[in-house]
Amino acid sequence: MVAGSDITITQCDGSGMTTNGGHGPVFCTIVPPHVLDRLSQAEDPLVHGPARRTLRRDAYERTQRRLTTVVGAPAVTTRAAAAEPGKPQRTVYDAGHGTDLPGEKARGEGEEPGQDATVNRAYAGLGATFDLFLKQFGRNSIDGGGLPLDATVHYDRDYNNAFWNGEQMVFGDGDGEIFLDFTLAVDVIGHELAHGVTQYTANLDYFGQSGALNESVSDVFGALIKQYTLGQTAEEADWLIGAGLLAPRVTGKALRSMKEPGTAYDDDVLGKDPQPATMDDYVRTGRDNGGVHINSGIPNHAFYLTATTLGGHAWERAGLIWYDVLTGGELDQNAQFTDFATLTVKAARARYGEGAELVAVTKAWERVGVRTL
């Protein structure tokens with residue numbers, strides 16, 4: 001909540017299906033609301049100033065998403081035709097620290113890297129996400145139909161977030177006090193684009209356990225994209241989301257930990273990571289759409305346990321099971337943890353039979369306290 005206000009800020013809003021059967025616009029950010037709420041109340045103006053401005057900007061962008069649903073018009077004009085099958089169509093724009101989207105074109109598909117490292121990181125992250133979904137899951141871009149991948153960098157001033165607005169990625173540069181450039185973490189790029197995949201598939205409601213699943217799915221694929229980019233096995237990976245984003249003054253290592261939920265940061269200004277690892281510590285709250293960024297630690301940990309039990313590259317078996325559930329058509333928009341867990345067991349059995357994969361999935365959900373039917 002912004003200091004002096006009684007309005008709780010929600011960091012992701014999805015309108016669901018529109019009346020004409022299309023997917024409604026969404027607005028999803030990487031930094032959870034409880035983090036920005038905490039920062040907005042800090043005494044140091046170098047901390048609370050950017051946090052409050054970020055909250056206000058996010059509220060404005062969210063309102064714009066909702067308005068486009070009401071009037072039935074797209075928020076952002078499509079800037080490129082669908083890509084050739086099997087090839088990405090990336091365009092990175094520079095907002096020049098303004099807020100008009102998309103900004104000035106900085107790099108298009110196939111163009112050589114320029115002098116701006118932020119532009120180049122965004123371009124590479126879009127490509128890594130496209131490659132993983134195509135080569136490992138057979139999905140042609142975010143929508144499965146070659147959707148062009150657009151991103152805007154250098155958004156606003158001291159903007160402490162990155163978001164997917166239903167049609168493109170947007171990255172802030174951070175304030176340098178708490179957060180650094182949001183293109184530094186490739187898993188952040190993957191996380192936000194994965195919200196787009198969910199938007200075009202299961203379209204999970206953004207509240208309570210279905211909202212926590214929405215967040216968790218993005219963390220899972222964000223982690224897989226990072227591991228894929230680095231060529232890491234499940235054992236080699238750090239399983240951190242947003243490592244490298246926190247400024248040197250912050251006592252912490254990332255935004256979230258899938259390996260050890262609740263341990264990503266413990267800082268006088270930022271607070272302590274509130275994520276639970278099991279249902280024993282499930283957080284019941286009316287804030288953050290029912291704790292979607294908090295309770296996502298539980299299904300996150302279940303995926304980590306599955307992947308590390310199976311070993312090897314996490315995208316090859318554990319990732320395929322999660323992808324099958326997300327895209328299989330059986331996951332309800334308001335699915336609860338038990339529903340998702342049950343479908344992962346079903347997917348593991350369908351793809352791998354009664355083998356190690358089925359055992360790993362079943363035991364992972366047991367360890368986090370989620371029943372499978």
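Is F337 buried or exposed? At 1% relative accessibility, F337 counts as buried, where buried means under 20% relative accessible area, exposed over 50% and partly exposed in between, using a 1.4 Å probe and protein chains only. Before going further, please keep in mind that this is a predicted model, in which local features need pLDDT of at least 70, side-chain atom pairs count only at pLDDT 80 or more, and totals for chains, interfaces and linings use all residues. Residues are numbered from 1 along each chain as its sequence is written, and side-chain values use heavy atoms, with hydrogens and water left out.

- F337 has its place in helix α9 (residues 337–352); helices (H or I, at least four residues) and strands (E, at least two) are DSSP runs, numbered from the N terminus.
- Leaving aside neighbours within four places in sequence, F337 is in contact (heavy atoms within 4.5 Å) with Q209, A212, L213, M279, Y282, N295, I298, P299 and V370.
- Between the C-alpha atoms of F337 and I298 there are 8.9 Å, and the two residues are 39 residues apart along the chain.
- T183 is found in the loop between β7 (169–171) and α4 (186–200), and with 3% relative accessibility T183 counts as buried.
- The side chain of T183 makes a polar contact of 3.0 Å with that of R121 and another of 2.8 Å with that of D181. A polar contact is a pair of N or O atoms within 3.5 Å; within protein, one must be able to donate a hydrogen and the other to accept it, and residues adjacent in sequence count only if both atoms are side-chain atoms.
- Not counting residues up to four places away in sequence, T183 touches T118, R121, A122, V153, F171 and I189.

- The buried residues in α1 are P33, V35, L36, D37, L39 and S40.
- Helix α6 (residues 288–295) is mostly covered, with eight of its eight residues buried. Those residues are D288, N289, G290, G291, V292, H293, I294 and N295.

**Salt bridges**

- Side chains of opposite charge can pair when their charged atoms come close.
- The count comes to 14 salt bridges, each defined as a side-chain nitrogen of Lys or Arg within 4 Å of a carboxyl oxygen of Asp or Glu.
- K105 is exposed, with a relative accessible area of 52%, while E111 counts as partly exposed at 35%.
- Another salt bridge brings together the side chains of R249 and E177 at 2.8 Å, N to O. R249 lies in the loop between β8 (240–241) and β9 (256–257) and E177 in the loop between β7 and α4, so the pair ties together parts that are 72 residues apart in sequence.
- R249 is partly exposed at 38% relative accessibility, and E177 is partly exposed at 24%.
- R351 and D324 also meet through their side chains in a salt bridge of 2.8 Å, N to O. This pair links distant parts of the chain, with R351 in helix α9 and D324 in helix α8 (residues 318–327), 27 residues apart.
- The relative accessible area of R351 is 40%, which makes R351 partly exposed; D324 is partly exposed too, with 22%.
- Salt bridges that share partners join D44, E177 and R249 into one network.

**Aromatic rings**

- The structure holds 19 aromatic pairs. Rings of Phe, Tyr and Trp (its six-membered ring) pair if their centres lie within 6.5 Å; planes under 30 degrees apart count as stacked, over 60 as edge-to-face and the rest as tilted.
- F27 and F163 form a tilted pair, 4.7 Å centre to centre with 50° between the planes. The pair links distant parts of the chain, with F27 in strand β2 (residues 26–29) and F163 in strand β6 (residues 162–164), 136 residues apart.
- F27 is buried at 0% relative accessibility, and F163 is buried at 0%.
- The rings of Y155 and F163 have centres 5.6 Å apart and planes at 85°, so this pair is edge-to-face. Y155 counts as buried, at 0% relative accessibility.
- One aromatic cluster is formed by W239, F303, Y304, W322, F340 and W365.

**Charges over a ring**

- The charged end of R90 sits over the ring of Y123, 3.8 Å from the ring centre, and the charged end of R107 sits over the ring of Y123, 3.7 Å from its centre. The rule asks for NZ of Lys or CZ of Arg within 6 Å of the ring centre and within 35 degrees of the ring normal.
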